[in-house]
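Here are my notes on this model, point by point. Please read them with the structure open.

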Amino acid sequence: MTFLGQSITRHSLMQFLLVAAIAASLSAGLVGLLLNDLMRQKDEIFDEAVHGSKYRARLISDHAARSFEAVDLILFGAASDFGHADKFPPPQAIRNRLHERLLFLPQIVTLAAYGADGNLIADARRLNAQEDVSAQHFFKHHRDEGTLFLLEGPSSRRFDTSGRLSLRLSRLVSSPDGKFLGVLLAEVDPQFFNSFYREEDPFGFDMAALFDSDGTIMASERPDVLPLGTNIADLAHLTGIAYPKTPLSGIQQLETETTIAVFHQLSNFSLRVGVMVDRRQLLDSWQSNARETYLIIAGIMTALIGFLIIIATLLQRRTAIEEALRNSEAHLRAVFDHTDIGIIQADTNGTIRSVNPAFARMMGGRPEDFGGKTWKEITHPDDIETNSRLFDDLLSGKRERYIMEKRYRRFDNNMVVWAKTNVSLVRLEDNDYPLIFGMVEDITDTRRSKDTIEALLRRSQLLLSAIGEGILGLDPSGRIAFVNPAAENLLGYSAKEMIGRRSHELVHRHQSDASAHQDADCPMQAVLSDGNPRQVQKDSFWRKDGSTLPVEYVATPMSTESGIEGAVIAFRDVTRQLESDQEIMRSNAELEQFAYAVSHDLQEPLRMVASYVQLLGRRYQGKLDHDADDFISFAVDGAKRMQQMITDLLDYSRIQRKGNPMTSVSLDEPLLEALKNLELSIDEAGVTINIETKPLPTLTADSAQIARLFQNLIGNAIKYRSKDRATVIAIRAKRVDSHWEFDIADNGIGIDPQYFERIFQVFQRLHARSDYPGTGVGLAICRRIVERHGGRIWVTSDPGKGSTFCFTLPAN
């Protein structure tokens, strides 16, 4: 039993030892494998970090290069447009063009144009801004050294006191003969690059930045760690990294004990992207795994489970990195597939390898339709020669890229498609053969619109040239920007002599009597200040020879959402009209004199006729037959009415000739005088007078004539009162713009609207003399008085209910 027990014990021990040996062997193997795997993991982490940093550096470099190229393209296009002549176009035209280009790229803060003296000509975002950059580095670089393109920064943002920075891209503008005209400047927001850096960060703990050739940070993913404008040599946490000063060829990798740094040179720019990874952060996860592994060694099961955890963790981390890379590739593919810009990839023989859907849609086909075709097969025949020359220059190295507007033929209907094509040659590190990439933007509608606008401009130019009235176009500062031929003929200046000069100082500096015309009183300048159009009936412009030109003109502002962009002045010579007006005034004066003379001379013979007819009536009344008595009565009545009509006609003719001088008068005084003259009529008729506006205004007027005006209108209201109700007359006044309006309202018999105009004519009556006596001159006299004072008179009425006579007098 004991032996058996010992055998069992021995067997158990052997089994235990065997198991222990196996366990020890497995443990030792597992420990060795784990230690070996830990070292391998460490190397893989560093390798993957380096590979990811290189990939990210290339990706960021490509993005930065394309972004700067896009900005340079905007500057190059603008410089080409403005450099066609010996000087810049007008400031407003420059601003409009810069503003249009500014809309294409979100990274541009603003675009500005400076003249040869360094003064700001136009800014795309600011109107009437002033700035002198003649002493600044970028301007002197272009002016003194003839540098075509310059990129520098970061610098303080123009017109911004908040401390924000921007990158400056500038390009020289020269005339066709090489004359220095000025500089175009674009400010780019570094935050645009920072946002992209953060989006494309697969690790989450590396740092990406854009450096210039000296190592100054221009854009940074982590401004708190890599501040903008700081040199890499001044950053303590990056001590030991020897920043490459010479241009790089592709990727350059630098390592220190604490940092892995990868630099990539931007194509076409002396800039480079740096991606830096902290080794300690990379090893944090590895060291955690190592500690877990040491604990796992305490037991086989624990070690095996820990090993599986480590493998699963590593696999998971590797999967995350691969997923990030796949997502980045998918992002690029999405951009390729969904962008609105057409993209073509071809080899150096011109054979198309692939196109994106946008280009296929533009051409009316499918992406697979283009495989194996050459660019010549889809190009309009008239553009092949020019395109071939540019393509050959690209392959030979004479050009880094080229941009041209060309025509394509659609697949579906053979229609012409106008496109702006930007072609570049790209050499990839993992490809021995260079590739040709073309960015194609459909500008068919723009081209058609441009042709249409040019046609409209030509027609407008012909129309303005054919118009007989003079036309001046003013910019926001009041300087003449456009002159039509009629204006040249009327003023005696040529367009060249007028354009660029202030209109007020050139043609409106003096009034017709040669007294100085103040700039603040000039209607043309006032339009530019408040944006309200003005019509001037009588004014004078000055010709080149010093003579005056009587004119009437209309000043109309040109307004947009951003403010007043200028004004148009349309004027015409009114010399003949003034001569005609003077002739009419002389004729009217003669007619008035004639009417006065005739009326005055008729008084005496008519008085004699009336006297003798009355004498006949008194002497032979009842001595002749009944008919004779009636005839004598008719003759007496007719003579009296004729006398009254002549008297009224004399009064009517005296309104203009015999009026008193205009003085400052409180209208309460002539109103009280009129009421006093009508006191007896008011009392007899039982009329109630309500003066609703107290006091009445003080105006420049002829007091006697205003009293007669009130007396005639109130007297009419009393005469034509209703027999069915008590008469009430209301008198009121109110200010309307530049005039005072007076209303005299009654509740009398009223007037039919068809007679509203007739009642103001001389000797016009609506009722029989037996019902309402009078000659029909009273309201004509009222109109004459109001018109002499520069106002107008009218009536409103509801027959059977009453009438309201209204008249206006100037406030000044």
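1. Two strands pair if DSSP finds at least two bridges between them. With that in mind, I251 stands opposite H264 in β9. Keep in mind that this is a predicted model.

2. The pairing around I251 belongs to strand β8, residues 251-255. β8 and β9 run antiparallel, joined by 5 bridges. Together they make a hairpin, with 3 residues between the two strands.

3. On its other pairing, β9 meets strand β10, residues 271-278. This pair is antiparallel too, with 7 bridges. V262 has V275 of β10 as its bridge partner. β9 and β10 also form a hairpin, here with 5 residues between them. Look at N268 in that turn: its phi is positive, about 75°.

4. How many residues of β9 are buried? The count is 7 of 7 for this strand, which spans residues 259-265. In a regular strand the side chains alternate between the two faces of the sheet. In β9 both faces are covered. T259, A261, F263 and Q265 are buried on one side. I260, V262 and H264 are buried on the other. Is S175 buried or exposed? S175 is buried, because its relative accessible area is 4%, under the 20% cut-off. The residue is in the loop between β4 (165-174) and β5 (180-188). Leaving aside neighbours within four places in sequence, S175 is in contact with G83, A85, D86 and L181.

5. Now the open sheet. It has 5 strands, in the order β17-β16-β20-β19-β18. The pairing is antiparallel. Which strands are at the edges? They are β17 (480-483) and β18 (534-542), and each pairs on one side only. Neighbouring strands of the sheet are turned by 30° against each other on average, direction ignored.

6. W542 has T548 in β19 as its bridge partner.

7. A helix packs on this sheet: α13, residues 523-530. α13 touches β16 (470-474), β18, β19 and β20 (563-573). The direction of α13 makes about 155° with that of β20.

Methods: Residues are numbered from 1 along each chain as its sequence is written. This is a predicted model: local features need pLDDT of at least 70, side-chain atom pairs count only at pLDDT 80 or more; totals for chains, interfaces and linings use all residues. Side-chain values use heavy atoms; hydrogens and water are left out. Buried means under 20% relative accessible area, exposed over 50%, partly exposed in between (1.4 Å probe, protein chains only). Helices (H or I, at least four residues) and strands (E, at least two) are DSSP runs, numbered from the N terminus. Contact means heavy atoms within 4.5 Å. Axes are lines fitted to C-alpha atoms, for helices over the stretch in contact, and angles run from 0 to 180 degrees between N-to-C directions.
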